[in-house]
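Reader: Hi! Could you walk me through the charged pairs in this one?
Author: Happy to, let's take a look.
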Amino acid sequence: MKRDDEIKRLIYYAKSLGVKVTIRDFAFEEQGEIADDPHVIININKKHHSSKTELILTLLHELSHARYINSHDGKISKAWILEDEREPGKKLPKKLRKEIADFELNSLDMMMDIAAELKIEIPMSKIAKQCELDKWAYSFYLDTGEWPTGKQKKTKEKELKEKYNV
């Protein structure tokens, strides 16, 4: 029940930002995504989450983007459209990858603030670990033009679990 209440608070928070949140089973390819055309929306694919805690962490990730857009009068880079449409084996130019990474890295700094403001009871160390893992993935993408493999992500996650003692 506690996690259900936290999910509700996160959805109400999104509404306060003028953001619509949709949570569906297998409706989306990714765990979560944000779009801003014409209004900011967050789509969450519940089937990719094995727990409510993971769902909350994904909501925090996406809400950090929504808050960043709201507080910086920003937009999501159109480079995301090109990334989604690129052919396998072809890399997006580094300038466009940088647009994506800058937006992601700058906005993810807000994850912990949102969690604290909404009194999310997931340990802050777990949220910090997830934030650092997400930032690492975008930095990896910026540097290489590829997303980390599952094995690379698991290795990094293990390292961060030890670092954050979670």
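Author: A word on terms to start: helices (H or I, at least four residues) and strands (E, at least two) are DSSP runs, numbered from the N terminus. This is a predicted model, where local features need pLDDT of at least 70, side-chain atom pairs count only at pLDDT 80 or more, and totals for chains, interfaces and linings use all residues. Residues are numbered from 1 along each chain as its sequence is written, and side-chain values use heavy atoms, with hydrogens and water left out.

Reader: Great. How many salt bridges are there?
Author: The count is ten, taking a salt bridge as a side-chain nitrogen of Lys or Arg within 4 Å of a carboxyl oxygen of Asp or Glu.

Reader: What does Glu 159 pair with?
Author: Glu 159 forms a salt bridge with Lys 156, at 3.1 Å from N to O. Both sit in helix α7 (residues 150-164), three residues apart, so about one helical turn separates them.

Reader: And is Lys 156 buried or exposed?
Author: Lys 156 is buried at 15% relative accessibility, while Glu 159 is partly exposed at 44%. Buried means under 20% relative accessible area, exposed over 50%, and partly exposed in between (1.4 Å probe, protein chains only).

Reader: Switching topic, which residue does Lys 2 bridge to?
Author: Lys 2 pairs with Glu 121, with the closest N and O atoms 3.4 Å apart. Lys 2 is in helix α1 (residues 2-16) and Glu 121 is in the loop between α5 (111-117) and α6 (124-144), so the pair ties together parts 119 residues apart in sequence.
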